Amino acid sequence: MRYCPTCASAYPDKSSGTCPKDGSVLISESEHLAQHADPLIGATITGRYKIRAKIGTGGMGTVYEAVQHGLGRAVALKVLKKELVHDRETVGRFHREAKAMSLLLHPNTVRVFDFGEDPAEGHLFLAMERLEGELLTARIEQAGELLDIEIAIEFTRELLSSLSEAHGKGLIHRDLKPDNIYLARVQGHPRPIIKVLDFGIA
């Protein structure tokens with residue numbers, strides 16, 4: 001079986017790579033079990049962010065869906081792996097990502113709301129807007145589906161528009177790839193819009 005990390009729905013192994021309900025990339029049963037064993041799920045970071053579910057894991061850390069207390073706002077909370085907290089180079093990269101992304105306000109760049117360290121457990125975190133949609137990777141991997149040329153051109157324009165703001169502020173992404181480009185569903189837009197992610201090595 002394969003599972004949706006967002007809604008926890010189960011699908012046969014031969015199903016497509018994304019959840020038809022919310023577009024999340026499906027994960028294996030072992031990843032699903034590991035997710036539910038994650039000690040941070042249900043925890044509250046800095047008294048402000050209650051973690052509800054795991055969205056995904058990367059080289060530096062794990063991204064969770066969380067709710068910001070007081071505002072009731074859903075956020076994507078990127079938490080640095082605990083074993084990397086004492087790695088000066090990785091922590092420096094994490095700080096650079098937070099600072100770089102806090103400077104960027106373009107609608108095609110994921111927005112950063114907050115950054116800090118949980119004093120109780122020492123977790124470094126980055127709070128970003130919670131996006132609905134799918135990674136460009138998932139769209140590319142969908143069997144038999146090719147992007148319409150006009151849509152591909154619009155996606156490219158949006159991507160370049162995001163990068164133009166970053167370049168104007170002296171930032172170069174340095175890690176552009178389908179895994180760092182999100183096709184976000186935004187109310188009022190008839191098609192997904194591009195959101196550039198992960199300025200960690202900018």
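The following is a conversation about a predicted model.

Q: How many bridges join β4 and β5?
A: β4 and β5 pair over two bridges, in the antiparallel sense. As for individual residues, Thr44 has Lys50 in β5 as its bridge partner.

Q: And how many for β5 and β6?
A: Strand β5 (residues 49-57) pairs with β6 over seven bridges, again in the antiparallel sense. The two strands form a hairpin with three residues between them. Thr57 has Thr62 in β6 as its bridge partner.

Q: Is β6 itself enclosed or open, and why?
A: Strand β6 (residues 61-68) is largely enclosed by the rest of the structure, because seven of its eight residues are buried.

Q: What about its pairing with β7?
A: β6 and β7 pair in the antiparallel sense over eight bridges. They too form a hairpin, with four residues between them. In that turn, Gly70 has a positive phi of about 90°.

Q: Which residues of β7 are the bridge partners of Gly61 and Thr62?
A: For Gly61 the partner in β7 is Leu80. For Thr62 the partner in β7 is Val79.

Q: Where does Val79 point next in the sheet, in terms of a residue standing opposite in β9?
A: Val79 stands opposite Phe125 in β9. β7 and β9 pair over five bridges in the antiparallel sense.

Q: How many residues of β7 are buried?
A: Six of the eight residues of β7 are buried, and the strand is mostly covered.

Q: Changing topic: how many residues does the largest nonpolar core have?
A: The largest nonpolar core has 32 residues. Leu80, Met128, Ile194 and Phe199 are the ones with the most contacts inside this core.

Q: Which elements give two or more residues to this core?
A: They are β7 (73-80), α2 (88-102), β9 (124-129), α4 (149-168), β11 (181-184) and β12 (193-196). The largest share, five residues, comes from α2.

Q: What does Phe199 touch?
A: Leaving out residues up to four places away in sequence, Phe199 touches Glu97, Ala100, Met101, Leu104, Thr109, Ala166 and His173.

Q: On to ring interactions. How many aromatic pairs does a search of the whole structure find?
A: The search finds one aromatic pair.

Q: Which residue lies over the face of Phe113?
A: Arg73 lies over the face of Phe113, at 3.8 Å from the ring centre.

Q: Now some charged residues. Is Glu134 buried or exposed?
A: Glu134 is buried, because its relative accessible area of 10% falls under the 20% cut-off. This residue is found in strand β10 (residues 133-135).

Q: What does its side chain pair with?
A: The side chains of Glu134 and Arg139 are joined by a polar contact of 3.0 Å. Not counting residues up to four places away in sequence, Glu134 touches Thr18, Gly23, Arg139, Gln142, Tyr182 and Leu183.

Q: And where is Glu29 found?
A: Glu29 is found in helix α1 (residues 29-36). At 38% relative accessibility, Glu29 counts as partly exposed.

Q: What is Glu29 in contact with?
A: Apart from neighbours within four places in sequence, Glu29 is in contact with Met1 and Tyr3. The C-alpha atoms of Glu29 and Arg2 are separated by 5.7 Å, although these residues are 27 residues apart along the chain.

Q: Last one: where does Arg174 lie, and is this residue buried or exposed?
A: Arg174 lies in the loop between α4 and β11. Arg174 is exposed, with a relative accessible area of 61%. The C-alpha atoms of Arg174 and Thr6, which are 168 residues apart along the chain, are separated by 29 Å.

Definitions and conventions: Residues are numbered from 1 along each chain as its sequence is written. This is a predicted model: local features need pLDDT of at least 70, side-chain atom pairs count only at pLDDT 80 or more; totals for chains, interfaces and linings use all residues. Side-chain values use heavy atoms; hydrogens and water are left out. Rings of Phe, Tyr and Trp (its six-membered ring) pair if their centres lie within 6.5 Å; planes under 30 degrees apart count as stacked, over 60 as edge-to-face and the rest as tilted. A charge sits over a ring if NZ of Lys or CZ of Arg is within 6 Å of the ring centre and within 35 degrees of the ring normal. A nonpolar core is a set of buried Ala, Val, Leu, Ile, Met, Phe, Trp, Tyr and Cys residues joined through side-chain atoms within 4.5 Å. Buried means under 20% relative accessible area, exposed over 50%, partly exposed in between (1.4 Å probe, protein chains only). Contact means heavy atoms within 4.5 Å. A polar contact is a pair of N or O atoms within 3.5 Å; within protein, one must be able to donate a hydrogen and the other to accept it, and residues adjacent in sequence count only if both atoms are side-chain atoms. Two strands pair if DSSP finds at least two bridges between them.
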